[in-house]
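Dear colleague,

I am passing on the structure we spoke about, and my notes on it follow directly below. Please read them alongside the coordinates.

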Amino acid sequence: MTTAVNAPNGPAIRVQGIEKSFKDVQVLRGVDFDVAPGSIFALLGSNGAGKTTLVRILSTLLKADAGTATVETFDVATQPQQVREAISLTGQFAAVDEILTGRENLVLVARLRHLSDPGAVADDLLERFSLTDAGGRKASTYSGGMRRRLDIAMSLIGDPSVIFLDEPTTGLDPQARNEVWQTVRHLADNGTTVLLTTQYLDEAEQLADRIAILHRGTIISNGTLAELKQLLPPAEVSYVEKQPSLEDVFLTLIGDTEDPDLTAPTGKEVR
Ligand SMILES: Nc1ncnc2c1ncn2[C@@H]1O[C@H](COP(=O)(O)OP(=O)(O)OP(=O)(O)O)[C@@H](O)[C@H]1O
Ligand SMILES: [Mg+2]
């Protein structure tokens with residue numbers, strides 16, 4: 001596996017004007033954003049917003065109808081092989097083989113990637129993901145969190161510089177989510193660029209350096225958490241203001257709030 005060399009200071013992922021329709025349904029209507037190297041970028045959107053569609057385009061599994069996208073400077077449409085060598089994809093539904101043990105799953109992927117010592121690669125990843133004790137057990141006996149961790153571990157084989165995580169914690173309990181979050185933070189701390197999709201707004205709040213909201217086919221907002229929060233009116237001085245959560249910002253931006261007082265002070269007075 002080659003490690004792609006990124007252009008100096010260039011984005012690890014660049015998405016420009018991406019459009020995609022399925023029959024007469026236009027899902028992506030011109031999506032634009034950049035992801036800085038080594039950062040965590042969260043793509044938020046409701047069910048059916050097109051998050052998976054975009055991830056599939058960026059990971060070369062699907063062709064866009066219009067627009068361009070590059071990963072580590074490689075064009076996803078014209079240089080798919082180079083893109084594939086630079087990335088890994090952890091899909092919305094786990095790719096773990098339940099009949100195999102955790103270790104066998106890892107060895108299998110390492111073999112598929114033609115690595116020289118698949119057993120050592122597997123043992124190293126089991127250790128890094130706190131799965132050493134469970135490594136000899138069938139994946140079917142794993143908890144949801146363990147399975148997700150194994151899934152992410154499998155996707156790291158070959159040291160991709162960019163990793164796509166499509167809803168990495170859907171269906172996990174809070175503790176398992178925390179474990180996955182720590183894993184993702186650790187990846188970014190070590191220089192991996194992470195693009196994750198999520199419907200959990202607290203996940204984006206916890207993890208992401210930048211958050212983009214995909215709605216009706218375009219990015220309607222893109223910024224840091226602090227920048228997104230500033231999109232709502234400021235607090236009034238004489239009240240203890242309910243700080244807007246990312247959920248407030250999200251629902252307001254997509255125009256889906258039924259609460260007209262969403263941005264109003266909570267009315268709790270300062271003593
Ligand atoms: N292969 C396909 N053929 C036809 N329509 C599709 C196909 N893939 C996706 N779609 C449609 O495109 C839209 C976006 O789907 P997508 O899976 O990208 O959404 P999503 O944001 O990932 O949703 P979720 O949060 O439920 O995972 C949906 O209306 C979906 O039905
Ligand atoms: Mg999806």
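The shell around ligand 1 is made up of 3 nonpolar, 8 polar and 1 charged residues, where Ala, Val, Leu, Ile, Met, Phe, Trp, Tyr, Cys and Pro count as nonpolar, Asp, Glu, Lys and Arg as charged, and the others, Gly among them, as polar. This is a predicted model, in which local features need pLDDT of at least 70 and side-chain atom pairs count only at pLDDT 80 or more, while totals for chains, interfaces and linings use all residues. Residues are numbered from 1 along each chain as its sequence is written, and chains are lettered from A and ligands numbered from 1 in the order in which they are written.

In total 12 residues surround ligand 1, the closest being Phe22, Asn47, Lys51, Thr52 and Thr53; a residue is near a molecule if its C-beta atom, placed from the backbone, lies within 6 Å of it. Helix 1 (residues 51-58) supplies the largest share of this shell, 3 residues, helices being DSSP runs of H or I with at least four residues and strands runs of E with at least two, numbered from the N terminus.

Two backbone angles deserve a look, since most residues other than glycine have a negative phi. Lys23, in the loop between strand 1 (13-22) and strand 2 (25-35), has a phi near 50 degrees, and Thr60, in the loop between helix 1 and strand 4 (66-71), has one near 70 degrees.

Best regards
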